[in-house]
Amino acid sequence: MPLNDIFTPRQIAQKLQISTTTLRRYEDLGLVPDVHRTASKRRIYTSVHVQSFLALRALIKGFDVPVSYEVMSLLKKGHVEAALWKINLHQHNIQVEKQRVEEVMSLIQKTDFFKYRNVPVTEEMKIGEVAAISGVNPSAIRHWEKEGLIRAKRNPENGYRVFTSRELKKIIVLSSLRKTVFFIDTMKQLLDALETHDLTTIERSFKVALQKLNEQLKKQMIGVSEMMRYIQVLNHRSSSSCPIQ
């Protein structure tokens, strides 16, 4: 795709299967190179713009929208290294999430549950304690209790929530799978399986979670690939002393 090719908004929109309105929104947000206009005010897109749109759309599929927008904004400003480190951080996050899912799967298979990450587990833990142990905000725990996914007893003396090791294990499972298979009905079935020690059902759910993480990783790699092509195009234009359109 020669760098001096010229495209109309309609041609690019058809290529990317999006609307011309979406193209303009990306421009207004400062996510792609500035677009020159003809004397009649018509937009003039080049191959640089095409690749910037391809990179943006691919990044959105692999990463959160705010992350994709921030990365593209950094690239437009010439902050290539900052954009690469931003992407690297979020690829690290998915690796951490995968390790957590595998760790919790190993936890579920254990019959004893007296410690988690070297922290003692008791049968009467306050919400702050289980939140700290599981790495979950207390507000999320209250929400899951409201949804009927977990149950807390009440201390008769002060009315505080009290959680058992069984409920803590549920919270840990919920926190590990909420981004991959978190549908209320699905999670209720999984927690029922946890109650009855139905390891087959539990393992199936964790395999689904890992599969979704693998699919997300592939989308991220495609996004990174398109982003690197975009960076190469920008570098080529810069070395050719051609201004970015």
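Trainee: Glu102 first. What is its relative accessible area, and what class does that give?

Mentor: Keep in mind that this is a predicted model. Glu102 has a relative accessible area of 36%. That makes Glu102 partly exposed.

Trainee: Which side chain does Glu102 meet in a salt bridge?

Mentor: Lys98. The N to O distance is 2.8 Å.

Trainee: How many residues apart are they, and in which helix?

Mentor: Four residues apart, in helix H5, which covers residues 80-108. Glu102 and Lys98 are therefore separated by about one helical turn.

Trainee: And the relative accessible area of Lys98? What is it?

Mentor: It is 27%, so Lys98 is partly exposed.

Trainee: Next, Glu103. What does its side chain meet?

Mentor: The side chain of Arg117, in a salt bridge at 2.7 Å, N to O. Glu103 lies in helix H5, while Arg117 sits in the loop between strand S4 (115-116) and strand S5 (119-120). The two are 14 residues apart in sequence, so the pair ties together separate parts.

Trainee: How accessible are those two?

Mentor: Glu103 has a relative accessible area of 30%, which is partly exposed. Arg117 comes out at 46%, and counts as partly exposed.

Trainee: How many salt bridges in the whole structure?

Mentor: Eight. One of them joins the side chains of Arg43 and Glu27, with N to O at 3.0 Å.

Trainee: Which elements does that pair tie together?

Mentor: Strand S3 and helix H2.

Trainee: Arg43 and Glu27: buried or exposed?

Mentor: Buried, both Arg43 and Glu27.

Trainee: Switching to rings. How many aromatic pairs?

Mentor: Three. Take Tyr26 and Phe53: the centres are 6.3 Å apart, the planes are at 35°, and the pair is tilted.

Trainee: Where do Tyr26 and Phe53 sit in the chain?

Mentor: Tyr26 is in helix H2 and Phe53 in helix H3, residues 47-62. They are 27 residues apart, so this pair links distant parts of the chain.

Trainee: Are they buried or exposed?

Mentor: Buried, both Tyr26 and Phe53. For Tyr26 the relative accessibility is 2%.

Trainee: What about Tyr26 with Tyr69? Why is that pair edge-to-face?

Mentor: Because the planes of the Tyr26 and Tyr69 rings are at 80°, and an angle over 60 counts as edge-to-face. The ring centres are 6.4 Å apart.

Trainee: Which helix holds Tyr69?

Mentor: Helix H4, residues 65-76. Tyr26 in H2 and Tyr69 are 43 residues apart, and their pair links distant parts of the chain. Tyr69 is partly exposed, at 21% relative accessible area.

Trainee: Which residues do the ring pairs link into a cluster?

Mentor: Tyr26, Tyr45, Phe53 and Tyr69.

Trainee: Last topic, H6 and H7. At what angle do the axes cross?

Mentor: Roughly 110°. The axes come within 9 Å. H6 is residues 127-134, and H7 is residues 138-146.

Definitions and conventions
Residues are numbered from 1 along each chain as its sequence is written. This is a predicted model: local features need pLDDT of at least 70, side-chain atom pairs count only at pLDDT 80 or more; totals for chains, interfaces and linings use all residues. Side-chain values use heavy atoms; hydrogens and water are left out. A salt bridge is a side-chain nitrogen of Lys or Arg within 4 Å of a carboxyl oxygen of Asp or Glu. Buried means under 20% relative accessible area, exposed over 50%, partly exposed in between (1.4 Å probe, protein chains only). Axes are lines fitted to C-alpha atoms, for helices over the stretch in contact, and angles run from 0 to 180 degrees between N-to-C directions. Rings of Phe, Tyr and Trp (its six-membered ring) pair if their centres lie within 6.5 Å; planes under 30 degrees apart count as stacked, over 60 as edge-to-face and the rest as tilted.
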